[in-house]
Structure formats: structure tokens, C-alpha cells
Amino acid sequence: MRTKFLSVVTISAFLFISCNKEDNQTPVVNDGMVKFSSGIETKVGGAGGDEWEVNDSIGIYMVKNGSTTVLERAENIKYTTKSQGTTAEFTSTTPIYYPVSGEKVSFIAYHPYSRQVVDYLYPVDVSRQNDQSAIDLLVATADNNGAGYDKIYGDDPANHVTLDFSHQLAKIVIHVERGDGVATEDLTKLSTVIKGMKTKADFDISDPELAIDDLSSEDLVPFTTSAATAKVSYEAILLPVSLDASHVVEFTVGGNTYKWEIRNNSSNITTFEVGHKYTFNVVLQKNRVLVIGIIEPWVLAPEGNGVAK
């Protein structure tokens, strides 16, 4: 799924003509600039969930157009922002230059940046949910509709390379409310655990694909987004999965534990798919959990009701 272009990030680098070691000439400034415009439909940062955050970093590759061959050593180049908002300026200590030869290039980018990327393999780990931005895996590519880009394209300041990011994992949001039999419990003391999920994978940035580590099952503590006496909300970013009986959310409060098998919902949601956000409204009741499930953009789907005992 490709996301809509919403936020704009401009990354500019002056282009230099390289000097030959033998002639010892001073590099001269090329009139062109490399500028990237990048957008995402829904990022986890910010009050509205659609903002870049301070110190967010992306990695960019410049490759030979039509291939994944890296050019000009522009491999996993880190760009970082010092601002926050739907529009942010990213800078790099090692900016990317178009090839002086005029060779056509395209670009591959991802978020969040990692030094551990080798041969395009990104190590995914969602075992810690306390920093959602740090695990919100996004990928973008740009090849100018197959034509590629070159330094002449960059000479025109109106030309931007558009990086349209898309989500590569799944996201769930859980809103929990008190119901019959738990009406006096303080939900700020609620303990919530998502059980049975795989947490690690290798992701191929150049050809988006997840290779999930089947031995990485782990209980996850979702990130608390808001908490009040009568209602608490969580979110978690998860690897795509086909739900089965092992995928359970446990809610513990007042000495009692309430269990919900996630696939038991009125919308018959049985998978968490790439790029989808799933919202569940949960009511804790004596001896049962009532659930309304919704899939939202990232991707829309109908809402429904479910019961888990």
C-alpha cells in the first residue's frame, strides 16, 4: 500500500564536480541541487499521529536507475531533523551528490535509520513498544516514473525527488473502558499484555519483504497513549500475522485478569496486514470482554463487535 503525500521534507545538498587527483583542480559548484520531498499518511509522532519528531532519521540510497546498484557510495546515508511538525528539514553530514557523469539514478529510502543495515537487510525488532517512532518502519522509492534522475534534472530548483513513504508493519490501537462488575476499578492501574506475537524479522529494503523469525515470540507491553480512571488507551506496532488462539490480550486490574482472544471480534479480523491500522474498543465486564473492532487508515475497513471470555 502506498500512502498519500502529506508532509514535506526538504533535503538539499550542493553538487560538486569532482576533481581529478592528477590535475589537482579545485571543485566547482554545480547549479543543480538534490532535493527530496517526502510524505507519509500517518506517522506515530505528534498529537495527531502525523508528525516528524525531533531527531527522526531516515536512510537514503542512491542507485543506478532500474537496479539496486549503489552509486557514488551513497549507501544508507543518514539524514536527521532537528525540528518537529508535518514539515521538517533534514540535513546530513555526508550529503548525496548526483553523479557528475550524468548517469541516471533512482532513490530508496527508509525510516527509522539504522547502522545495522547490511546489503539492504533491516533488522526489525518490535519487542520494546515504549518508543513508537523508533519502530515505525517506512519505505519509499523514487525513479521518476522509470526515467530516473540526473544532475540536469537537479539544476532546476523547482524539481524535487518525491519520496512517498509507506508503512511496512501493522498497528493496533486498543481503547479499554470499565463495564459491569469492574465499574469501581481504577483503570490507571490496569496492566495490559499482548501475548503470542513474533517480534523480530529481517526486512529487505530494496524489495520490501519481511522474513519473520519464528523463534522470536514474546509478550508485548503496548504503549499507553492516555489513561484515566474509567478509560485507558494503548497502541502497538506489530509484525503482520495470521491470528490464532495464541494471540491473546490480557487485562489485569483489581486482582482479576480478563482475557481476549484477538481473532474473536465482530468484524472477523483474522489477520494483521502490512500498512493497516486496527482499532479495538474494549469493555471489561465480569467474566467477559466485549470488543468492537475497526480497521482504519493506514487502510479503512468496517467496524464490528466481538466477545472474548
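Which residues does V176 touch, not counting residues up to four places away in sequence? The legends below work through this and other close-ups. This is a predicted model, in which local features need pLDDT of at least 70, side-chain atom pairs count only at pLDDT 80 or more, and totals for chains, interfaces and linings use all residues. Residues are numbered from 1 along each chain as its sequence is written, and side-chain values use heavy atoms, with hydrogens and water left out.

**View 1. The whole protein.** One helix and 24 strands make up the protein's list of elements; both are DSSP runs numbered from the N terminus, helices being H or I with at least four residues and strands E with at least two. Of the 309 residues, 47% are buried, where buried means under 20% relative accessible area, exposed over 50% and partly exposed in between (1.4 Å probe, protein chains only). The protein exposes about 14,600 Å², and carbon and sulfur atoms supply 47% of that area, computed by the Shrake-Rupley method with a 1.4 Å probe. Among contacts with a separation of 6 or more, 67% join residues 24 or more positions apart; contact means heavy atoms within 4.5 Å.

**View 2. V176 and the largest nonpolar core.** Here is the reply to the opening question: V176 touches L187, L190, A230, K231, V232, Y234, F251, V282 and L284. The largest nonpolar core has 31 residues, and V176, F251, F272, F280, V282 and L284 touch the most other members. Such a core is a set of buried Ala, Val, Leu, Ile, Met, Phe, Trp, Tyr and Cys residues joined through side-chain atoms within 4.5 Å. Strands that each supply at least two residues of this core include β11 (170-178), β19 (248-253) and β22 (276-285). Another core lies apart from it, with 22 residues, among them W52, I77, A140 and Y149.

**View 3. An open sheet of three strands.** The strands follow the order β7-β13-β14, with antiparallel pairing; two strands pair if DSSP finds at least two bridges between them. β7 (121-125) and β14 (209-212) are at the edges with a single partner strand each, so one side of each is left without a neighbour in the sheet. On average, neighbouring strands of this sheet are turned by 30 degrees against each other, direction ignored; the axes are lines fitted to C-alpha atoms, for helices over the stretch in contact, and angles run from 0 to 180 degrees between N-to-C directions. Four bridges join β13 (residues 200-204) to β14, and F203 has L210 in β14 as its bridge partner.

**View 4. Strands β3 and β4.** β3 (residues 57-64) pairs with β4 in the antiparallel sense over four bridges. I58 has Y79 in β4 as its bridge partner. Four of the five residues of β4 (residues 77-81) are buried.

View 5. I96 sits in the loop between β5 (87-91) and β6 (105-111) and counts as buried at 2% relative accessibility. Its C-alpha atom is 8.7 Å from that of Y61, 35 residues apart along the chain. In strand β10 (residues 166-167), H167 is buried at 1% relative accessibility. The side chains of H167 and D136 make a polar contact at 3.1 Å, that is, a pair of N or O atoms within 3.5 Å; within protein, one must be able to donate a hydrogen and the other to accept it, and residues adjacent in sequence count only if both atoms are side-chain atoms. G293 belongs to strand β23 and is buried, with a relative accessible area of 0%.
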